[in-house]
Amino acid sequence: MENENLNTEITNSAGLRIDIISCVPRLLDSFFDHSILKRAKEAGHAEVVIHDLRDYSTHKQKQIDDYAFGGGAGMVLGIETIARCIRSLQNIRIYDEIIYMTPDGERFEQKVANRLSMSKNLMILCGHYKGIDERVREHFITKEISIGDYVLSGGELPAAVVSDAIIRLIPGVLNDETSALTDSFQDNLLAPPVYTRPADFEGWKVPEILLSGHEKKIAEWRLEQSIKRTQARRPDLLQ
Ligand code: ADE
């Protein structure tokens, strides 16, 4: 029988559900148990369920990796355990995407987060060691994502980054819905500077305009600052 243990209850009648498959699940536990993500879960907007890949191993020692055919350094996550895990999740719900976190995937950007935030069910597989058997990528994975041109020791942090970026976009997750819309990158512009009290700290003053109460002028100032900042720091975004 397929391994039907753990966390497979159907709970996302509304919201987005993200199933994350990892061989070091404890790396992820606390991340999703705090602040916005915790509130998103409590309000039923999003739920992240973490699965320990080892729970799906049929080996006595719960082995999930093996030597690479053809030799070479490093162990490779095998297809059998991963297939068992993915299929047992697929038996319960239909996934919009089955994502593999890998440095050779598509670069993760805001527009990818925007698109994924409209999903109902996502599955994210975290890689480890030297990688996973290529057949998993060919036959199960529908999308491969990299969070940047550097190599981390596993896909857990990238999976957390991607989940966070997606979940905060779901309407209702942030207190003020417009705050996700005014994030950096949403309109190819970096966000303008922000200030809070005191208006004068040891002579370092907040720009007058922000204290004026003049909404239209403030909006114009913010746009101007966004454009200036983008020109100075990320001119590539304006092209
Ligand atoms: N796994 C290891 N490095 C990664 C990266 N940069 N992006 C996504 N997954 C990864």
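Let's start with Glu202, which sits in the loop between strand 8 and strand 9 (204–205). Helices here are DSSP runs of H or I with at least four residues, strands are runs of E with at least two, and both are numbered from the N terminus. Phi of Glu202 is near 50°, a positive value in a residue other than glycine. In general, most residues other than glycine have a negative phi, and most peptide bonds are trans. Glu202 is also exposed, with a relative accessible area of 65%. For burial, the cut-offs are under 20% relative accessible area for buried, over 50% for exposed, and partly exposed in between, using a 1.4 Å probe and protein chains only.

Before going on, a word on where this comes from. This is a predicted model, where local features need pLDDT of at least 70 and side-chain atom pairs count only at pLDDT 80 or more, while totals for chains, interfaces and linings use all residues. Residues are numbered from 1 along each chain as its sequence is written, and side-chain values use heavy atoms, with hydrogens and water left out.

Now the loop between helix 7 and strand 8, where we find Phe185. Phe185 has a positive phi of about 80° although it is not a glycine, and it is partly exposed at 35% relative accessible area. Pro198 is in the loop between helix 7 (178–181) and strand 8 (200–201), and the peptide bond from Arg197 to Pro198 is cis, with omega near 5°.

What does Gln110 touch, leaving aside its neighbours within four places in sequence? It is in contact (heavy atoms within 4.5 Å) with Leu169, Ser184, Phe185 and Gln186. Gln110 lies in helix 4 (residues 110–116) and is buried, at 18%.

The buried residues of helix 8 are Ile218, Trp221, Gln225, Ser226 and Thr230. Down the axis they fall within an arc of 165°, so they line one face of the helix; the arc is that of the directions from the helix axis to the C-beta atoms.

Helix 6 is mostly covered, with nine of its 12 residues buried, including Pro158, Val162 and Ile166.

Stepping back, the protein has eight helices and nine strands, and buried residues make up 41% of its 239 residues. Its C-alpha trace spans about 70 × 40 × 35 Å along the principal axes.
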